[in-house]
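Visitor: I would like to learn how to read contacts that involve aromatic rings. Please take them one at a time.

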Amino acid sequence: MREPETAPRRLSVRKTYKLYVGGAFPRSESARSYPVSDVSGAHLANAAQASRKDVRDAVVSARSAVAGWSARTGYNRGQILYRVAEMMEGRRDQFVSEVAASAGESPQEAGDTVSAAIDRWVHYAGWADKLTQVLGNPNEVAGPYYNQSAPEPVGVVGVVAPPEDPLLGLVSVLAPVITAGNTCVVVASERAPLPAVTLAEVLATSDLPGGVVNVLTGRAGELLAPLASHADVDALDLTGATTGGREEAVELERAAASTLTRVLRPGATPTDWHAAPGVARLRRFVETKTVWHPIGV
Amino acid sequence: MSDLFDYAPAPESRSVVEVKPEYGMFVDGAFTASAEDGIVTVNPATEEPLSRVPVADAEAVDRAMAAARRAYDTVWGPMPPAERGKYLFRISRLLQERSRELAVLESLDNGKPIRETRDVDIPLVAQHFFYHAGWADKLEWAGVGPAPRPLGVAAQIIPWNFPLLMLAWKVAPALATGNTVVLKPAETTPLTALAFAAICQEADLPPGVVNIVTGAGETGRLLADHPDADKVAFTGSTEVGREIARTVAGTRKRLTLELGGKGANLVYDDAAIDQAVEGIVSGIFFNQGHVCCAGSRLLVQESVAEEVLDKLRGRIERLRVGDPLDKNTDVGAINSAEQLRRIQELVDVGGEEGAERWTASCVLPERGYWFPPTVFTGVTQAHRVAREEVFGPVLSVLTFRTPDEAITKANNTPYGLSAGVWTEKGSRMLWTAQRLRAGVVWSNTFNKFDAASPFGGYKESGYGREGGRHGLEAYLDA
């Protein structure tokens, strides 16, 4: 007797894609998952399908991480963001294959996308210790006062990742939020969530404290409403919230108004994620605090 | 004590200002006819009717918005920035020249003491126009981007507590950045806005650049909802702010909101107590406490609480409450009967919930809307007087033992507009200022304002900043 020739010498170990909440990789509390396909419709893997309860847990975890992360020095935050770039570089092949499969890009294009995503982390790593100088200043008041304005993180930011660009788009909206000292709950691209989960694995091994970034995969229609209306979310980046049409973003902005949550609306035209990011996104997720003190002896 | 400090009455003369029995709105450079069924504005110190102004309906708001759009497209937008700046410099000078008249008019219409309108409000109003005038031709250096552009037509709605100052905070940056405006003053205090309109005429400001429509909540709603507004700027209650945020959702309109506050004033045990007491008084009794950034929650370290409160009561006893036009008056009239009822209701609740009420023994005038300076002790964080904005001369006192406890209590509010810190230790001051979730932190001072200093809140105190370099962002597309 001999074994059939078709049997593999080794059965591959498939990856189970999970959520990233509070620095851990839980399954959805709802115990659901959903199939993820490539652009041609072929099955790639199952991803965790988060629930409203997962949204709430992620917000709790993001809130608890605010004090520690925002108190780090800009220099230290920059070191950690640079470390993210280093860790991504080490896993670039995996990112390239996931981006190629999920976004339908050629290996060449996917390689460029991954390079751009890595370089974006390097770009923001250099912002972390300069933001206060660029966005803050002393104020020339008409009296004997020391008067100083400086940016501070707004707190917990809900981020709707751009669905059409599952890696570079995601990094482009996520990095500025945490560079400024905020923590966040990210809803990944519904159709192509796999690069987001792999990015979460990179973040988990980059000295980024647990809870600073929380990544949820699942149905945008189910997750965005509770995120937008959550009273403990301080700001929302709705850049990616146009899958269900423009009305979706309007509904979310309206829900956010009840607690005066700051909102970054989706642009009128699609964003070119390969273009230089500028400072606008950093500015949207900070508050300006002004401190007065008399001058005298 | 009151015998020792008895002053003869020293009233400011009303003769510097002529209040006409009725005014129209200011649209496209001209005053419209006044309507017979308009709003009557009264002097809150005497309940005497001062004048009548019309209520702008949808048609009137449309007309004002169209005038602003036309002025933006044909005159104000294309004008060289340095020329725009010169109009603002002109306005600033006219405000200074007419400062006495404006101060008296503001005190008459609003009820605030002449000491404040003369020494605080009107000088700041002139400074706001002077400061922003200089920005007009320097916007590319403001740090918002290399080629900032105006947004277009701004719809602006302001409250009654600082009628002319809030106008200046809205109009000066909007014009300096190249926008045109339609502004609605509060229904109880429209007169200085209309006096400002006359100053725009005197400055030869092109018609339509500034339009003033009068009315109450419904007019404000028409303005904020107007499809031709590129920008909505609102200062007022958090409740109305939420409503505006909801209606602006999904439109292209940019929005800034300056809303309520419940400012904490922290006094550490090493503070210079006498100075702290002065700061507590100006924090809560300035402008009768009708201040969104008022220090309405005093948080005093337990070991010095008794000393601070003794001195505070003594100081409050010496505040002079009464005629707003008297130069020696510290606390004027409550702006309206409605506001007086609201203060009364929250103060009654404070008593019912078990906080201990202390009231200054001042004699209040028989006519007009008055409320004596009031302090609640034994207040807990759950009490309504510690959570809700009273917007009146009512202070709630809480105590703390450790700096961490002070921060926790100070930040335990949905608001985040202002806070105060009193300590002689620099490292403690900076530690505290860093942790307070508030847009403005006054250390060893309180209620200081300046055109160059950004003002605005965290959390439910609204979004955006007014004043300084940061305030320009609200009116620029960059």
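Guide: Start with a charge over a ring, which requires NZ of Lys or CZ of Arg within 6 Å of the ring centre and within 35 degrees of the ring normal. Here the charged end of B:Lys231 sits over the ring of B:Tyr475, at 4.8 Å from its centre. Likewise, B:Arg428 lies over the face of B:Tyr268, 5.0 Å from the ring centre.

Visitor: What do the numbering and the values rest on?

Guide: This is a predicted model, in which local features need pLDDT of at least 70 and side-chain atom pairs count only at pLDDT 80 or more, while totals for chains, interfaces and linings use all residues. Residues are numbered from 1 along each chain as its sequence is written, chains are lettered from A and ligands numbered from 1 in the order in which they are written, and side-chain values use heavy atoms, without hydrogens and water.

Visitor: How many aromatic pairs are there over all chains?

Guide: Rings of Phe, Tyr and Trp (its six-membered ring) pair if their centres lie within 6.5 Å; planes under 30 degrees apart are stacked, over 60 edge-to-face, the rest tilted. The whole structure has 15 such pairs. One of them, B:Phe89 with B:Phe130, is edge-to-face, at 5.0 Å centre to centre and 75 degrees between the planes.
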